[in-house]
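I kept these notes while browsing a multi-chain model.

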Amino acid sequence: MPPTSTTTPPRADVAPAPAAAAPRPRGRRTWFPYLILIPALLLELLIHIVPMVTGFWMSFVELTKFFIRRWTDAPFAGLENYRIAVDVSTPVGQGLLTSFLVTVAFTLLVVSLSWAIGMAAAVALQRTFRGRAVFRTLFLVPYALPMYAAVITWNFMLQRDTGAVNHVLVDQLGILDEAPFWLIGDNAFVSVVVVAIWRMWPFAFLMFMAGLQSIPGELYEASALDGASPWQQWRRITLPQLNAVNSTMLLVMFLWVFNDFNTPYVLFGTAQPAAGDLISFHIYNASFLTWDFGTGSAMSVLLLLFLLAVSLGYLHLTQRKAKRDA
Amino acid sequence: MRETTGEKIFRVVVLSVLSVFVLVPLYVMATTALKPLGDVQSSFSWIPSRVTLAPFVQMWETVPLARYFLNSLIVTCAATLFSVLVAILAAYAVSRWRFRGRGPFMTTVLSTQMFPGVLFLLPLYLIFVNIDTTFGITLVGTRLGLIITYLTFSLPFSVWMLAGYFDGIPRELDDAGKVDGASNMGILLRIILPAARPGIVAVAIYAFMTAWGEVLFASVMTTEDSRTLAVGLRQYATQTNVYWNQILAASLVVSVPVVAGFLLLQKNFVAGLTAGAVK
Amino acid sequence: MRRRTLLSAVPLAAAAGAGLAACGSGGSDAQPDRLTYWASNQGQSLDDDKQILTPVLEKFTEDTGITVDLEVIGWTDLQTRIQTAITSGQGPDVVNIGNTWGVSLQATGGLYELGDAEFETLGGKDRYVEAALETAFAPDTQPASVPLYGLAYGLYYNTEMFEAAGIAPPTTWEEMVAAAKALTDPAAGVWGMSLAAGSYTENVHFAFINAVQNGAQLSTEDGSPDFTNDGVVDGVLRYLDLMQAEKVVNPSNAQFDSGTKSVTSFANGEAAMIINQNNAHATIEANGMTAEQFAAVPFPAPAGAASQCASHLAGINIAVMESTKNLDGALQLIAHLTSSEVQAQLGKPFAALPVLTDGEPTFTEDAEQAEMFLDVYRERAEPLPRVPWEDQFESAVGQAMNEMFATIATGGTVTREDVTTAMQTAQDAIRA
């Protein structure tokens, strides 16, 4: 899993934990927790915090190729980088906006479909039957497969003349007369969505499977006696019982998918089509291809702010809902 | 409880469709790896007309795959090991003490996972270079640099997951240990760790997967000597040709151990995940 | 920034101590008898490059006592690696660069500018083909690199197909299109031409060459981008029309993201012509054609064109990094690699044209072909715009052409107006 797209499932105690669950203070020996936190703190500082602060600073200076070698002397640019990034009347701002919208659509599709597929698979495997373990294992393979191996295989399958996808659609099923392109033009969006779902749904499946195990069987039996249909059971028991899993997982998947860099990077290479121009990849190109790290950093900061806002809003909503339900 | 016909149809349809969805790429990977390059470059066929093991032989020569494999193995294993160790310590602190700064620590750790990698790629590189010029520790282009980077990437999630797991271990056990005169470290080693084994395995798997597939940082921070598989595999597309059959053969070879390991340990992973998320 | 002094001290010290090998504040890697050299991928594989260069570098060690740590870097990684090396002041002593980046990289100040004193070590400026050396610097500055391997485009054609159809090799654009049309037979899976239409670097080269043939320039006198003048727009459209109007290119080519892929389809008999740089010779043969089955002529301009430009001035340059602590050694290495013997030796495996004025081409046995490419390289090739924004030009215009080819391939139409709009957008994206 790419670090660029990893995230932590926020547990309910992201806010100060309720008193009952609060760890008990160990009185005088308060130095001990600090001592054992030191390695984690140092690493976080070195790898995450200091580079982030540097990146934040970079977004306020004119860090083009003319200053990159003496980057500490780069002239202060104020909000100029941000202005360039959001000015939609210029190609740069327009490009960022388009990329943002593509990414929003991509994220909505990938998260919702992965959720649905993962749920369907978990429910289908809820009962014990012969061969259940085989399916369970098989469904986890895409998740375990190294990311580049998976995406490069898809890239091969999506080739126009030599790929398996067109072979099926055109030669075997005859649905289409002419072989479509999957990696350029508008279809590229479909491709990147399908590939991302292929990689993502097993995660949803895994989480749901774990969640389903903790639902007491009696609940189903009781409702079966009441004559509830399987659909009603799912609506009234399964879904509410999976609430906790759901709220965590949706946020995790949202952040992973929104930040996805690897899928477009491996799938499209240097020839990224506009329809598959996801935002992480877009910012990477904006920074490295044009040597404009100031504007690239400004774009990243904007992305970060957006993700923070969405995450906080989401946590706020789910916690309020949890309180209401309680 | 009897299964209705509707349920059965649902089950059969879902499982068959998903099996095909999952299996097709795996099948294409495996069969393409067995085809000669000429066949791979002409139109696709499901069943190889000629089968050859040559790609599995040539792939070691086209690209120094063995070296990349070794690099990946060293970097990933070391990053996993240290990530788990550091995470255990931090999670222990967070789970068992209510110290000043605990809340901010956890919030910060959480938010680091939202950082877009592109934003701190260049700064991190510059910091590594400065560490080299100041302290003489070479982090750029070495496996050490990658290990430190990757272990931190998996740290936040690991700390959260483990803290959740440790929380679930009754505190009465700690107290019993204390009565027996165990130190804080003693309690961690003798009481908490054995009880948290599934959680630790889950964290280890997660850390391993994070490091094993990383592409962006590896492409900038490695040299020929320290290059990992994730970037190394790209080299099958050279100036002369795109060796599709070798790419997929190599992908297959590097996937098998990881997938096998993951599937063997999946039960732990499920258990560990749920401890952090479900409750 | 705490570290400012330390960071800026390194290159300063290196510059001040030019010639004094053991100078520098970092200290740890200031070794007078060691050099790091990043080479680009010129051969069949990275390993192949290493095998070819190793004896050359061993000879250098023998002559000078300097050991060279060689790393061959693939093209996908080279630009990022150079960027980080320049930014951090930590990288190789000597590096290969694509010569089209020459001026862009010079603008970063990361490459050591070579004055008369340095050229004395290299044997003088006039040893190098003048136009090739010009890729290494913006007008009115000193070269920041020197040519290492020369490359030029040629129109490769399948001799058997041409003979069977009784067609002579084309000398004008119109003849090329006519030949391509005659040989295109989609039902048989054969097309007149194959283009790397999904490669932004290839596309940008042809935008440039076709524009120059029309007498146009891509930058104004004062060095600002000018992509929307008639010559450029018509040139771009002419190239796009090979797929769109003339239909002599398989639309699948819109997915070809490297020249390699069109070479493969040429070698497999799926295309009668490709436009490729002369190092395609080796690649075509590696893909199974024999030397008799193909030949090359200069990439033709339309009849009555303003210029007979047949190629941009392609190739690889070699540069000393500003941050080197071993300037003397670095210059000696460049002198060695651009010496007549080594040039002749490397010309064959890397299929390179000689960058020296008195060099003889060794990349092919066929004297006529060699002469043809040499003539294109020396007489009919023009350097890409020698401006700091050349790299942005490559990505902006190149990507625009990728998108336009994609539109055509997926059944859309690209009008002259569309080209103008796309070029305007590309031009606006450049921050000069």
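**Entry 1: a helix in chain C.** I began with helix 16 of chain C and found that 20 of its 20 residues are buried, so it is largely enclosed by the rest of the structure. I call a residue buried if 20 or more other C-beta atoms lie within 10 Å of its own, exposed if 12 or fewer, and partly exposed in between, with C-beta atoms placed from the backbone. Helices (H or I, at least four residues) and strands (E, at least two) are DSSP runs, numbered from the N terminus.

Before going on, I noted that this is a predicted model, where local features need pLDDT of at least 70, side-chain atom pairs count only at pLDDT 80 or more, and totals for chains, interfaces and linings use all residues. Residues are numbered from 1 along each chain as its sequence is written, while chains are lettered from A and ligands numbered from 1 in the order in which they are written.

Does the length of helix 16 of chain C agree or disagree with 1.5 Å a residue? Its 20 residues (390–409) should span 28 Å, and the end C-alpha atoms are 28 Å apart, which agrees. The expected span is 1.5 Å times one less than the number of residues. Just after this helix, G411(C) takes a positive phi of about 100°.

**Entry 2: a sheet in chain C.** I then looked up an open sheet of 4 strands in chain C, in the order 6-7-5-8 with mixed pairing. Two strands pair if DSSP finds at least two bridges between them. Strand 6 (191–194) and strand 8 (294–297) of chain C are the edges, each pairing on one side only. From one strand to the next the twist averages 25°. Strand 5 (residues 153–158) of chain C runs antiparallel to strand 8 of chain C, joined by 4 bridges, and N158(C) stands opposite F294(C) in strand 8 of chain C.

Two helices pack on this sheet. Helix 8 (residues 173–183) of chain C touches strand 5, strand 6 and strand 7 (271–277) of chain C, at about 125° to the direction of strand 6 of chain C. Helix 11 (residues 259–267) of chain C touches strand 5, strand 6 and strand 7 of chain C, at about 145° to the direction of strand 7 of chain C. Axes are lines fitted to C-alpha atoms, for helices over the stretch in contact, and angles run from 0 to 180 degrees between N-to-C directions.

**Entry 3: chain B.** I counted 13 helices and 0 strands in chain B. Its C-alpha trace spans about 70 × 70 × 35 Å along its principal axes, and buried residues make up 57% of its 279 residues. An unreviewed UniProt entry lists transmembrane regions in chain B, including residues 12–30 and 68–93; such annotations may be inferred rather than shown by experiment, and UniProt positions are given in the numbering used here, with feature names shortened. Residues 12–30 of chain B are 100% helix, with end C-alpha atoms 26 Å apart. Residues 68–93 of chain B are also 100% helix, with ends 37 Å apart.

**Entry 4: chain B against chain C.** This contact takes 24 residues from chain B and 28 residues from chain C, counting two residues as in contact if their C-beta atoms, placed from the backbone, lie within 7 Å. Helix 6 of chain B gives the most to its side, with 8 residues.
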